[in-house]
Amino acid sequence: MPEFHPGNAVESAVSWLQQHLAWLFDFLNTVLTGLYDGMHTVLGGAEPLLMAGIFAVVACWLRGLAAGAVGFVGLALIDSFGLWGEAMQTLSLVLAAAVITLAIAVPVGVLAARNKAVSAAVRPVLDVMQTMPAFVYLIPGVMFFSVGTTPGLLATIIFAMPPGVRMTELGIRQVDEELVEAAEAFGTPPKQTLTRVQFPLALPTIMAGVNQVIMLALSMVVIAGMAGAPGLGERVYAAVTQVQIGLGVESGLAVVILAMYLDRMTSALNARVSPLGRRAAAKATAMMGRLRFTRYKPHTSVALCGVVVLALVAGGVNLVNSGSDTEASGSTDVGKGKQLNMAYYPWDEAIATSYLWKEALEQRGFEPSLKQLDAGPLYTSLAQGKTDFQTDAWLPTTHKQYWDKYGSKMEKLGAWYGPTSLELTVPSYVEGIDSLADLKGKGEKFDGKIIGIESSAGEMRILKEKVLKDYGLEGEYEVVSSSTSSMLAELKSSIQKKEPVVVTLWSPHWAYNAYDLTKLDDPKGSFGEGENIHNVGRKGFSTDNPIVASWLKNFRMTEEQLTSLEARIQDVGKGQEQQAVKEWLKDNPGFLDKMVPVPGGDKRKGEGAGKTVNIGYFPWDEAIATTYLWQNILADRGYKPQVKQLDPGPLYTAMAQGQMDFQTDSWLPTTHEQYWDKYQDRLTDVGSWYGPTSLELSVPKYVKGIDSLEDLKGKSDKFGGKITGIESSAGEMKILKQVLKDYDLDQEYEVVSSSTSSMLSAVDKAVKQKEPIVATTWSPHWVYNKYPMKKLKDPKDSWGEGDDIHITAKKDFEKDFPELYRWLKDFRMSEEDLGSLEAAIQDGGKGNEKESARKWLDSRPGLTNKLAPVE
């Protein structure tokens, strides 16, 4: 039988839909999210007990005093669990899904009842919807809408639809045909026959369908917590994956209370709207004797008044509370209330660092939200831009599959820990098992099982696909997928019983501090080399949040710091992670300020505060950028920097005469060789801060077949026979003449002298029009960040070796400015940082160089103290 995989076709269809129907998914997302937000605004906006009172009044109206009292106690119990907000989120999801489901299900059920062809067509569709595993509905939801509210609502609507359609069809079909015929005989139109005869008589059955829709919706929104849907489902999922027994019980009870309330109220609503139901309810009340008062139901107008009064009181309380709120102010309010979406999977270091960043961001004025997801949905959410960043990307191995798939839609925000290691581990009392090779033939000792973690984890894939195969353990051992917390629970239980067990573990992990364990050696290197743990953000996160991105890129934790934070979180118990972080920060003073330094907040004065410093520069981009950078830094340190633009000759002369203190852009030993040879005995070489540089010709990347200077031969027609140059006096232009001779291009191409700005304008115009151009460029330069330019290789080394960019100063500079001399001597910049600074100054426009450099510096908190440290 040939293999048939419909899943592949489904994946292709999903990709096609994502590309061609994005507008439709955006519309559905807007509708579903808007409906949920409206529901949640109403249900979650009031004080818990006042809202519980409103629900109790509704219960009294539908079922009587006893039901109202019991309902109030149950809802108050949810509030006492601290789960009121989550319960209202869940209820909002249920009601929003039920409204849309019934709006579709009832008309379809009516149509199926009145048309056999429709019924025959709908039935198999309902069969699939009803029998498909509920988890499957989350997959397309996440693919189309990322994680969050919308995929949960969509999955819930599909899952809850069948009983609504089936019960509506059944109820209408069960209406006595003789009654329908009688109505038709008296000339009743089909529409009125439906609304006045069939629908009222079918109402009890339809209402039973409504009840089932709501119950199924409630069960599905709990499952949807796996896809990031808010509410109790999220808490239940966290409790299951982290084995939080207390949280699981409390969340489960909250779900039960909601389910019982919704079930009883929808059943009672059937009795209210159905004549048969009202008669049955009246008969049951009469049979209760003296306890009839417990079934007392206030008149509709009385119940409505009670709801209105409680709602007005709740609104007044909210108004008072909102008026008493004060916004964060001061230098630490960096975020100004900006929302950031974070996510994590239940790995210990992810939990620890995620709650650490949540606390740090809150203290800096941001409003971060934090969701627990599995690795797959989390990376999908990052790629779709719905999650801003996460702190636990193990690269290049463990999460390789996700990076390969979504890497172009994400950005790395720096490695904060490494190298790590993946391993199998046994308790130290298991003798004779020190290596993975020792597991061979010992399967019976461990019941043939290796206790794993989440099936989506990269370590599990490596273990199954490579490690077991390399050591001949396939068939002898079964890898049991569970969760990190379940694995740790199994490890703890086995150690308490002194039983042998093999578990998947990694370093760093607090388990090695808590238990006496043996890491199994991996002589074949099957687990691969150690990894680094990265912060990873959505594409464009650094641009949208430069300060936070800077904090993340500079973030580091030692193994001691990380394991102590993990241990603190373990000690305080589940559900108290952020409180544990707060306590840990108190025990580690200064860590928070180093982790999230306040922009512009470092105004400590230097030893030379008050001194005037004369800085010269010539109008080269890297000179402008670094000069205005140091002007801002020195101003922060209390110096009085004076900046002046000069040509190279006058600038070197001024430094030699002691009229200028320093400049940042000496290209040595070649470009500025003539000035250094002339004045070096009256100058100071403070040191090199960038290098090596390079001179080159470059073309746009869309110009195919031109990758080397040799490739230019015979292609002059493509470029109009021209090479766009810069100032004729530039050293690069003089060297270019020899370069063209070496490659036999001097008769084929004309070098057009212009200026740097004119060359860049020509590049800008050519790129916008997708035209070929050859330009004289050099590295470092922001042109490579802004335009898709590629450097042409120089196999003959005609350009020569690159220069280093030095800071040079007057002769007595170290004596006059000892502190500044130390700062400048240690100064370094990467090509990425220099390019971004140059681009920021370009974007700021002429005349705003100082302000642009200030903005760039402020977006990198802590950089001032790094470049100009003050005790």
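This is a predicted model: local features need pLDDT of at least 70, side-chain atom pairs count only at pLDDT 80 or more; totals for chains, interfaces and linings use all residues.

Modeller: Residues are numbered from 1 along each chain as its sequence is written, and side-chain values use heavy atoms, with hydrogens and water left out.

Biologist: Why is the aromatic pair of Trp347 and Trp506 called tilted?

Modeller: Rings of Phe, Tyr and Trp (its six-membered ring) pair if their centres lie within 6.5 Å; planes under 30 degrees apart are stacked, over 60 edge-to-face, and the rest tilted. Trp347 and Trp506 have 5.8 Å centre to centre and 35° between the planes, so they form a tilted pair. Trp506 sits in strand 8 (residues 503–507), 159 residues apart from Trp347.

Biologist: What makes Trp347 count as buried?

Modeller: Buried means under 20% relative accessible area, exposed over 50%, and partly exposed in between (1.4 Å probe, protein chains only). Trp347 has 6% relative accessibility, so it counts as buried. Trp506, at 1%, therefore counts as buried too.

Biologist: Why is the aromatic pair of Tyr617 and Tyr628 called edge-to-face?

Modeller: The angle between the planes of Tyr617 and Tyr628 is 65°, with 5.8 Å centre to centre, so the pair is edge-to-face. The pair links strand 11 (residues 612–617), which holds Tyr617, to helix 26 (residues 621–636), which holds Tyr628. Both Tyr617 and Tyr628 are buried.

Biologist: How many aromatic pairs are there by this rule?

Modeller: The count comes to 24 aromatic pairs. Ring pairs also link Trp357, Phe389, Trp416, Tyr417, Phe541 and Phe555 into a cluster.

Key: Helices (H or I, at least four residues) and strands (E, at least two) are DSSP runs, numbered from the N terminus.
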